[in-house]
Amino acid sequence: MSRAEMDKLGWDECDIILVTGDAYIDHPSFGMALVGRLLEAQSFRVGIVAQPDWHSADDFKRLGKPKLFFGITAGNMDSMVNRYTSDRKIRSDDAYTPNAAPDRRPDRAVIVYSQRAREAYPEVPLVIGSIEASLRRIAHYDYWSDKVRRSILPHSKADLLIFGNAERALVELAHRLAKGERIGEIRDLRGTAFMVPHGWLPGPDWAEADSTTVDTPGAVHAHPDPYAMQATAPTLKVGAGDPAIVRLVGRAERLAQHKAARAHTAIRLPSYEQVRDDPVLYAHASRTFHLESNPGNARALIQAHGEGAARRDVWLNPPPIPLSTEEMDHVFGLPYARAPHPAYGDARIPAWEMIRFSINIMRGCFGGCTFCSITEHEGRIIQSRSEESILHEIEEIRDKTPGFTGVISDLGGPTANMYRMACKDPKIESSCRRLSCVYPDICPNMNTDHAPLISVYRKARALPGIKKIQISSGLRYDLAVRSPEYVKELVTHHVGGYLKIAPEHTQEGPLSKMMKPGIGAYERFKQMFDKFSKEAGKEQYLIPYFIAAHPGTTDEDMLELALWLKKNGFRLDQVQTFLPTPLAIATAMWHTEKNPLRKVTADSESVAVVRGGRQRKLHKAFLRYHDAENWPLLREALKAMGRSDLIGPGKRHLIPAWQPAGTACSTAPRRTPPIADAKSRPQKLALATRRATPAAPAKPSPPARRHPDVPRHPLSRHKGG
């Protein structure tokens, strides 16, 4: 990180310099450390410029000129999500910065850092990556500016964008550049995107498939009469030449030819100008993009940017092939210091504090939740580490991490319980185009066996010096109910009083737009959870997470959710309003009011969208129906909805008619409630699956519900660079 360290190592220059918006923490849960150690293992000299001063190019010259390339990332999180709330207000802290200090990274950090790196050394190749670049690789709706922005490539002027899990592409790129190959000639790496002249194709055997319009009628072909007599002949005359042999082509050969042709076909998406001006084409482009996300069958994508002579194409190669278990073990087994860089001294870095005793056991998620960005970045195919690798890392934490008390805070990833789950048939997996393996129902081809995960849990807690293994990653309860043995193992040994799960809603309307299971799956899991908690002699609770104002949600949906919360005794402390993030399907719904989960046309399904600040505030207020500050807004809404019957002092009412002094609208005359109404006053209840009683022990406050692009746990958002 400094010239002094370079001098100590005897380096006169770095081969590669990585720039990040995060503090440098040498731990595999942080993308910079992971790719830095990986490149170091390939004998490259790697420098890290962490949280540089972007107001000039001076900090980008800190380590001198890199021999091969600059690698630019915003960090483990998108810089806009990191800096702003769903209400577009600046956050007061930054979990990835020493002492959580705000304003240590700019808005749209990848673009700003790229500009400064170009200023520092204009001739050095520039490679961008991580979550921010991945989610902006094509034209996308930007919530913070409320407009469709171009791909990040023309904004940043980068030579190459690496999206998704970057290990393979980075290693091959570094070696090819080291051999003298020009970066502008490297066009065949999976998981990369770049700018090319309009109409460019990799070779004469490539073709374009036009997907720039909707509702285009296809050609009308006459169907042959199967009963008609047709003349056949063993040979056909071709002009005046020799006869051509008629050969019957078998199914296997036809499929092979089709597959070869498909592999050399690129889909042309509607241009930036088209999706900017036409919401229907934006939704269509979103659907096409997501249907081409399976590494086994995805085709290259093209999107034009600009008009006239300035028109150029963004070219996206197919997504990267997932890492094997052996490759995952290698990546996570590199010699990490497992600590922040010494330059930070005793400064506290919240993201590090949260994951320092955690283990990332897998990547990817096949849930396909439309509001989440995991699948756009890590993909739907689960990549798992071996038992040996996981247990070895636990021992490393036990033996080398200061402050370890014997408690591992998590064994997880994007989800807690998808470890080693995969399609039963690799051929089916490679040809599948489903956006979710668990919606509307769990695919019959999906192996949902929890036995490998149970084995990891048992062996991990049996290690000497390990007192407890907690599970903090979000649980897919629709998968868990298929394995009562797993639920029993989890509830008996790995729940520290609370277990977080994410139903997100109770009503079919919003759930269908989220691609989440119905509330019945939650109820089944709750029954199992309560049963096994009782058998274990433990008082444990579920923490459900919900999203307000998601596309497809009406005021009536939020009212029904509020009634469900009250019926079940929930008084949520912190809730989250939907935040549209780039490339997510739910963001396309929010921007276009169309449903990309189905074929998009001008007349296709419309989606209810909550845009106005007042309505978004109302939907959030329904989740916190017990907060007296929200009662005036809720009273007004209930009256407008014709549900005044829910205002009153009884248990069947949602909110009371009276307003406590010192709360919203307290200047209005306050009616003192009668003694009989005392129970309707707000009371602090434990967040539990059953109504708390005064004798119930106090429980710690649950963690804040953050936006889906903000990890529920840092391990759930490993970036791979």
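How many salt bridges does the count come to by this rule: a side-chain nitrogen of Lys or Arg within 4 Å of a carboxyl oxygen of Asp or Glu? The count comes to 44. This is a predicted model, in which local features need pLDDT of at least 70, side-chain atom pairs count only at pLDDT 80 or more, and totals for chains, interfaces and linings use all residues. Residues are numbered from 1 along each chain as its sequence is written, and side-chain values use heavy atoms, with hydrogens and water left out.

View 1. Strand 1 (residues 16-20) runs parallel to strand 4 (residues 69-72), joined by four bridges. Here you can find Ile 16 opposite Phe 69.

**View 2. Asp 22 meets Arg 105 in a salt bridge.** The N to O distance is 2.9 Å. Asp 22 sits in the loop between strand 1 and strand 2 (25-26), and Arg 105 in the loop between helix 3 (79-83) and helix 4 (109-120), so the pair ties together parts 83 residues apart in sequence (helices are DSSP runs of H or I, at least four residues). Both Asp 22 and Arg 105 are buried (under 20% relative accessible area, 1.4 Å probe, protein chains only).

**View 3. Glu 292 pairs with Arg 299 in a salt bridge.** Their closest N and O atoms are 2.7 Å apart, and both residues are buried.

Terms used. Two strands pair if DSSP finds at least two bridges between them. Helices (H or I, at least four residues) and strands (E, at least two) are DSSP runs, numbered from the N terminus. Buried means under 20% relative accessible area, exposed over 50%, partly exposed in between (1.4 Å probe, protein chains only).
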